[in-house]
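Please consult the sequence and the model alongside the text.

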Amino acid sequence: MDKIGRNDPCPCGSGKKFKRCHLGKEDQLTLETTAGEFSPEDSARITSLPEVSYGRSREMMDGLDIQKLTGSSAGIKFIDLAAYKDLDLADARRSDKDGTGTGGVLINIFKTKITDPDHLYLAISPEINDSALIHQLAHVLDYLGGSKLMPGLAKPLSFDVGIPGEHLEHPHEYAYWLNYLQKEFDVQLDADDTIVSFLFENDMLIKGHDIEQQDKTLLRTKSERMMRFMSEKSAEIDALICERPGYIGSRVNQNP
């Protein structure tokens, strides 16, 4: 698991380097860490970006009744990933799933609610594929459905507990929505999310409630259980993902 570097942006979203913000005060970081000193001016820079419609984003949004599914009246706006990166804000450098600039990112709501509390923002690229799109939409539905697990904010907890951040950022509830979207829009999952789906079907993912409790012993135990299961099912997992987009070899000793 990658640790937070001294010169990395602080996970609290303040825009400061970790060493000048929460280094030595990690216990003050929580799953609901706010945007700290993130300014209304910077928030407005995000929320004023024009909306875009790339890939199947509009089709999927038209096919989802967000309020019926989650009970939330919040809307979703899509903005251009490159334009978001050009803002050079704290988390813009960690903004796409595969690191190629062709994916998307669910922007931390604490950065946008200052100027637009009624929407969540997804920054996506013109080349975004269906798998990357439902990956981000699953995070949206998970969050709107009551989760406190905004992507990226679990990193301080994973650092503190000593387990892979992916075990916290892709909980049971996220995978439920991932599978729902995959079936609803007939999408082939990429290799990573195929593993997540497989773990969900075998009840191996950590549940959001357990993460919210921040019981370090429990989280460490469940993470180790997940890794043992992946090792035991290595051949089955490799058979599932070997022809999926994003396959780079066996993932048995890697994070889902």
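Is Trp177 buried or exposed? Trp177 is buried, its relative accessible area being 11%; buried means under 20% relative accessible area, exposed over 50% and partly exposed in between, with a 1.4 Å probe and protein chains only.

## Basis of the model

The model is predicted: local features need pLDDT of at least 70, side-chain atom pairs count only at pLDDT 80 or more, and totals for chains, interfaces and linings use all residues. Residues are numbered from 1 along each chain as its sequence is written, and side-chain values use heavy atoms, with hydrogens and water left out.

Rings of Phe, Tyr and Trp (for Trp, the six-membered ring) pair if their centres lie within 6.5 Å; planes under 30 degrees apart count as stacked, over 60 as edge-to-face and the rest as tilted. Three aromatic pairs are counted by this rule. In one of them, Tyr176 and Trp177 have ring centres 5.0 Å apart and planes at 80°, so this pair is edge-to-face. Trp177 and Tyr180 also form an edge-to-face pair, because their planes stand at 85°, with the centres 5.8 Å apart.

Trp177 and Tyr180 are three residues apart in helix 9 (residues 172-184), so about one helical turn separates them. Helices are DSSP runs of H or I with at least four residues, and strands are runs of E with at least two, numbered from the N terminus. Tyr176 is partly exposed at 43% relative accessible area, and Tyr180 is partly exposed at 25%.

## Packing of helix 9 and helix 10

The axes of helix 9 and helix 10 (residues 191-201) come within 9 Å and cross at roughly 110°. Axes are lines fitted to C-alpha atoms over the stretch in contact, and angles run from 0 to 180 degrees between N-to-C directions. Helix 9 is therefore roughly perpendicular to helix 10, a term for angles of 65 to 115 degrees.

Contact means heavy atoms within 4.5 Å. Helix 9 contributes His172, Tyr174, Ala175, Tyr176, Leu178 and Asn179, while helix 10 contributes Asp193, Val196, Ser197, Phe200 and Glu201.

## The loop at Ser73

Ser73 lies in the loop between helix 3 (66-70) and strand 1 (75-80). Ser73 is exposed, with 65% relative accessible area. Although 71 residues separate Ser73 from Leu144 in sequence, their C-alpha atoms are 8.9 Å apart in space.

Key. Angles under 35 degrees count as roughly parallel, over 145 as roughly antiparallel, 65 to 115 as roughly perpendicular and the rest as oblique.
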